[in-house]
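The stops below are given in the order in which to select them.

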Amino acid sequence: MARNMRLAAEGGEAKMYCTVGIKHETAIDAEIDPDIRPPGAYSMRGHSVGGYGSVTTNKVIADLMGDLFGLYVQAYPKYGSSKKGLPTTYYLTCAEEAIRTHCELEHVEFIPLTDTNALNYGDVLRGLNKGGSVFLNTGKTDPEEIWKSIPEWAQKRIREKEARVLALDAFKVASEVARNEYLRIRMMGVVLVGVFLRATPFAKKFGFGSEKLMEGVEKAVRNYWGKRGENVVQDNLTCIRRGYEETVEVPTNIIR
């Protein structure tokens, strides 16, 4: 700690000080970031753009995990008052026990990159646990092309973590489904609900077939958008179904 502290003279009196929790020249970098989540917890850290509807989507997913599977859920975004069009991060943790932590997650099993430029902003794959999943919002449909589009540093990390790579053009799906053109961008985030259900182990773990799963999805969708009319409900349901059914997974032999 001593090497990270600065000696400053104020009014003739020397004071020792440092900073924690922020990026600064006087900050102390944590050598170990322990995973203090409940045993068996499953966490998501998503990287999106303000205005894409990802924060609302995170709330819908949280409701689904609680209502369908009886899990404890904690979900929250990281954004300010002027985030529209700017990078946004959001977090979600599911567990069979109470979740007593509330922080920016650095140990995660699923990293959806709704922001198509996210891999150019820095290490957005940090904290990905072994066997986790990464989702790419991309117009590419061929698994080999999807893999080649990923920067080398990210490919290396994915290999090291033995992670799955999932992909879908969420904007294309939303554009084809939305009857209201002003909702197309926001509905792109809704597609992620289907992607989440496809990428995560919960449906299989709790014995939910696709029909039973979609019944639970419809209930959550009606709770959120029912007042806006049946067209909005059906458009959101279609986006979620297509996200669940049309997501492409890059085969292991291409990744390795």
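Is the crossing of H1 and H7 left-handed or right-handed? The crossing of H1 and H7 is right-handed (left-handed if the near helix is turned anticlockwise from the far one by less than a right angle, right-handed if clockwise).

Before going further, note that this is a predicted model, in which local features need pLDDT of at least 70, side-chain atom pairs count only at pLDDT 80 or more, and totals for chains, interfaces and linings use all residues. Residues are numbered from 1 along each chain as its sequence is written, and side-chain values use heavy atoms, with hydrogens and water left out.

**Stop 1: H1 and H7.** Select residues 54-69 for helix H1 and 210-225 for helix H7; their axes come within 10 Å and cross at roughly 130°. Axes are lines fitted to C-alpha atoms, for helices over the stretch in contact, with angles from 0 to 180 degrees between N-to-C directions. Helices (H or I, at least four residues) and strands (E, at least two) are DSSP runs, numbered from the N terminus. H1 and H7 are therefore oblique to each other (angles under 35 degrees count as roughly parallel, over 145 as roughly antiparallel, 65 to 115 as roughly perpendicular and the rest as oblique). Now show side chains: Thr 56, Lys 59, Val 60, Asp 63, Leu 64, Leu 68 and Phe 69 of H1 meet Leu 213, Gly 216, Val 217, Ala 220, Tyr 224 and Trp 225 of H7, where contact means heavy atoms within 4.5 Å.

Stop 2: Select the seven strands of the open sheet, which has mixed pairing and the order S4-S5-S3-S6-S7-S8-S9. Two strands pair if DSSP finds at least two bridges between them. S4 (72-78) and S9 (248-249) stand at the edges with a single partner strand each, so one side of each lacks a neighbour in the sheet. Zoom in on S8 (residues 164-168), which pairs with S9 in the antiparallel sense over two bridges. Leu 166 has Glu 249 in S9 as its bridge partner.

**Stop 3: Arg 157.** Finish in helix H3 (residues 152-160), where Arg 157 lies. The Arg 157 side chain reaches the backbone oxygen of Leu 125 at 3.5 Å. Leaving aside neighbours within four places in sequence, Arg 157 is in contact with Asp 123, Leu 125 and Arg 126.

Key: A polar contact is a pair of N or O atoms within 3.5 Å; within protein, one must be able to donate a hydrogen and the other to accept it, and residues adjacent in sequence count only if both atoms are side-chain atoms.
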